[in-house]
Every structure is written in C-alpha cells, then in structure tokens.
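Trainee: I would like to go through this model with you. Could we start once it is on the screen?

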Amino acid sequence: MKKLKLFAMLAIAMVTMTGCTEKYYGAQVFTHEYEIIPANWQRNEGANLPGADNYLYAEFQNKDITRDVMANGTVTADVYSIYDVQNNLGAWNPLPYVCPIEVLVKNDDGSYSTVIVAENVRFEWNEGKVTFIIQDLDGYDPEDIASPLHIRVNVTSNLFL
C-alpha cells in the first residue's frame, strides 16, 4: 500500500511539473544591413541646452522585432569599421563601440573640413524599430556625420512550443 501511495504521488508530481514547462526547439535569425547616410541622422530635442543629453540618432523600422522577440529573443548589432584605409580592410565590431567616424568641422574662414574623431555608437530596440545613436565621449553635441555608416542587425526569435 505504501508503494502504491508513493507511486501515485510521483505520478501526480511528474504530470504537474511537465504541464508547465516549455520545450525549446531552436531559433530563427533575421539579419538586416543598414547604410546610414548623413541625411538620416537627427539631433535629439533639447540638444545644446544645459544638462541635455546631446546625441545624434537614426531610427528605422524592423518588422522582425516582434512582441515575441521582446519577450523571448534578442537583438544584436555590429558596425563595420575600416582599420586599414590604404588597403580598404575593415571588420565588424559589436555595438556599443567607440569607432573612428568622419565628421564635418567648420574652419575659422567659414569653410568645412572632414576629420576623423572617436565617437560612441550604440543602439536601442523596441517592437518594430531599431534606433542607432552617436554620442560624443565628452558629452558635447556631436559634429555632423560626413560619410555613411554600415550597421548589421541580427534579430533572434526563440522557438518554443
């Protein structure tokens, strides 16, 4: 009789525990590449005001960032950065990343020059969209971006039953 009670309790426990678990079956990965041109960058509202968070941002739609991804998946991004200009060699670097970016700087005579500066590039994501952000390391308003930035976004959706 004791064995029968023990067996019944174990059977109930197994049914109860297996009834609330999810089975993981794998993942789907969707990759999008963005070429962010200088005209895509916008300044945040309140830029250059005391205490403002000064940055540039570019926002894009991404239909693969779904409610399911928000709950169970992940989104990663990489920026392509040239490290050898003479041989046009570069590499993908995960965001956030401090990378060399070509910017426009106003000269004393009123003309503009392009220079390379280190900028912090990061991203944020929400359902249906991804936002790329460039922020000066010193907190000042970033200069205007002079050349395109290439970013790859990977959206991973976990598949559960």
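Trainee: In which sense do E6 and E9 pair, and over how many bridges?
Mentor: E6 and E9 pair in the antiparallel sense, over two bridges. Helices (H or I, at least four residues) and strands (E, at least two) are DSSP runs numbered from the N terminus, and two strands pair if DSSP finds at least two bridges between them. Leucine 104 stands opposite aspartate 144 in E9.

Trainee: What should I know about the model itself?
Mentor: This is a predicted model, in which local features need pLDDT of at least 70 and side-chain atom pairs count only at pLDDT 80 or more, while totals for chains, interfaces and linings use all residues. Residues are numbered from 1 along each chain as its sequence is written, and side-chain values use heavy atoms, with hydrogens and water left out.

Trainee: How many helices and strands are there, and how do they run from the N terminus on?
Mentor: The chain has two helices and 10 strands. Their order is α-β-β-β-α-β-β-β-β-β-β-β.

Trainee: Back to the sheet, what is the strand order?
Mentor: The order is E2-E3-E8-E7-E6-E9, an open sheet of six strands with antiparallel pairing. Strand E2 (42-43) and strand E9 (144-145) are the edge strands, each pairing on one side only.

Trainee: And how many bridges join E4 to E5?
Mentor: Six bridges join E4 to E5, and these strands run antiparallel. Serine 81 stands opposite alanine 91 in E5. E4 and E5 form a hairpin with four residues between them, and asparagine 88 in the turn has a positive phi of about 50°.

Trainee: Changing topic, which residues have the most contacts inside the largest nonpolar core?
Mentor: Those are Ile36, Trp41, Phe132, Leu149, Ile151 and Val153, in a core of 25 residues. Such a core is a set of buried Ala, Val, Leu, Ile, Met, Phe, Trp, Tyr and Cys residues joined through side-chain atoms within 4.5 Å. Buried means under 20% relative accessible area, exposed over 50% and partly exposed in between, with a 1.4 Å probe and protein chains only.

Trainee: Which strand gives the most to this core?
Mentor: E10 does, with four residues.

Trainee: Where is isoleucine 151 placed, and is isoleucine 151 buried or exposed?
Mentor: Isoleucine 151 is in strand E10. It counts as buried because its relative accessibility is 0%. Among the residues that isoleucine 151 touches, beyond those up to four places away in sequence, are Tyr34, Ile36, Trp92 and Phe132; contact means heavy atoms within 4.5 Å.

Trainee: How many aromatic pairs does the structure hold?
Mentor: It holds five. Rings of Phe, Tyr and Trp (its six-membered ring) pair if their centres lie within 6.5 Å; planes under 30 degrees apart count as stacked, over 60 as edge-to-face and the rest as tilted. Tyrosine 80 and tryptophan 92 form an edge-to-face pair, at 5.2 Å centre to centre and 65° between the planes. Tyrosine 80 is partly exposed at 28% relative accessible area, and tryptophan 92 is partly exposed at 31%.

Trainee: What lies over the face of tryptophan 92?
Mentor: Arginine 152 does, at 4.2 Å from the ring centre. A charge sits over a ring if NZ of Lys or CZ of Arg is within 6 Å of the ring centre and within 35 degrees of the ring normal.
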